[in-house]
Amino acid sequence: MHAAETVKGFAAIRSAEYRGVARAETYVLWAQDMLEAGLESAALLRLAVADVPYFTPDLKRLFDLAVEEAGIEPLSGTPALILHGQQVAADFLAGFIRPGEAGAMLAEIFTPELAPPGFGHWQQLDEASWCDYCRESFTGPDRTLDQAIVEEATKLLAIRWREQ
């Protein structure tokens, strides 16, 4: 069985599904990436060669079947959000994403209506770039907004997503 955190893009898709923002082309691109990475299954191949115009419900069924055939660990709901958020935080802390972009991406993942308790502050951190009140909630005389985002991203990485 493949652990969810080892399959590139998997948590992002499950997170998008949970938030109701999954896009058809994302399934196809993911399948193509997985084939390039050496993962193989009949459903994965069918998904990778899907042609436009895409029909999302069919692609979603193929995606679920491909995940099952490939033996990828199940993932949904809050754990999917947290794992996806951790992957964004890890990319940010590795220097692949700028602080403001990371804050915006994490605010998009942890929306107020779906964020588990303790994760709603990402909206405020995102708004801190233009909202003085929000910025003052996270910064002070000794801490910049970028430092606040680094600290919050580091805390996010310490959470055990499987236990949520």
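Helix 1 meets helix 5 through Ala11, Ala12, Arg14, Ser15, Tyr18 and Arg19, which face Gly77, Thr78, Ala80, Leu81, Leu83, His84 and Gln87 of helix 5; contact here denotes heavy atoms within 4.5 Å. By class, this contact comprises six nonpolar, five polar and two charged residues. In this division, Ala, Val, Leu, Ile, Met, Phe, Trp, Tyr, Cys and Pro count as nonpolar, Asp, Glu, Lys and Arg as charged, and the others, Gly among them, as polar.

The model is predicted: local features need pLDDT of at least 70 and side-chain atom pairs count only at pLDDT 80 or more, whereas totals for chains, interfaces and linings use all residues. Residues are numbered from 1 along each chain as its sequence is written, and side-chain values use heavy atoms, with hydrogens and water left out.

## Overall architecture

The protein has nine helices and zero strands, and from the N terminus its elements run α-α-α-α-α-α-α-α-α. Helices (H or I, at least four residues) and strands (E, at least two) are DSSP runs numbered from the N terminus. The C-alpha trace spans about 55 × 30 × 25 Å along its principal axes. Of the 164 residues, 43% count as buried, where buried means under 20% relative accessible area, exposed over 50% and partly exposed in between (1.4 Å probe, protein chains only). Among contacts between residues at least 6 apart in sequence, 62% join residues at least 24 apart.

## Helix 1 and its surroundings

Helix 1 (residues 10-19) is mostly covered, with eight of its ten residues buried. The buried residues are Phe10, Ala11, Ile13, Arg14, Ser15, Ala16, Glu17 and Arg19. They pack against helix 2, helix 4, helix 5 and helix 6 (99-109). After helix 1 comes Gly20, which has a positive phi, near 75°. Most residues other than glycine have a negative phi, and most peptide bonds are trans.

Two packed helices are described by the angle between their axes and the distance between the axes. The axes are lines fitted to C-alpha atoms, for helices over the stretch in contact, and the angles run from 0 to 180 degrees between N-to-C directions.

| Helix pair | Angle | Axis separation |
|---|---|---|
| Helix 1 and helix 5 | about 130° | 8 Å |
| Helix 5 and helix 9 | about 130° | 9 Å |
| Helix 2 and helix 4 | roughly 35° | within 9 Å |

Angles under 35 degrees count as roughly parallel, over 145 as roughly antiparallel, 65 to 115 as roughly perpendicular and the rest as oblique. Helix 1 and helix 5 are therefore oblique to each other, and helix 1 passes helix 5 in a left-handed crossing. A crossing is left-handed if the near helix is turned anticlockwise from the far one by less than a right angle, and right-handed if clockwise.

Helix 5 (residues 77-93) also packs against helix 9 (residues 145-157). Helix 5 and helix 9 are therefore oblique to each other, and the crossing of helix 5 with helix 9 is left-handed. Helix 5 contributes Gly85, Gln86, Ala89, Ala90, Phe92 and Leu93 to the contact, and helix 9 contributes Ile149, Val150, Ala153, Thr154, Leu156 and Leu157. These residues divide into nine nonpolar, three polar and no charged. Gln86, a residue of helix 5, is buried, with a relative accessible area of 7%. Leaving aside neighbours within four places in sequence, Gln86 is in contact with Leu156, Leu157, Ile159 and Trp161.

Helix 2 (residues 24-36) and helix 4 (residues 56-70) form the remaining pair in the table, and their crossing is left-handed. In this pair, Ala24, Tyr27, Val28 and Trp30 of helix 2 meet Thr56, Leu59, Lys60, Phe63 and Val67 of helix 4. The contact divides into seven nonpolar residues, one polar and one charged.

## Aromatic cluster and local features

The structure holds four aromatic pairs, and ring pairs link Phe10, Tyr27, Trp30 and Phe63 into a cluster. Rings of Phe, Tyr and Trp (its six-membered ring) pair if their centres lie within 6.5 Å; planes under 30 degrees apart count as stacked, over 60 as edge-to-face and the rest as tilted.

A cis peptide bond joins Val52 and Pro53, with omega about 0°. Pro53 lies in the loop between helix 3 (42-48) and helix 4.

Gly100 is found in helix 6 and is partly exposed, with a relative accessible area of 47%. Gly100 and Thr139 are 39 residues apart in sequence and 14 Å apart in space, C-alpha to C-alpha.
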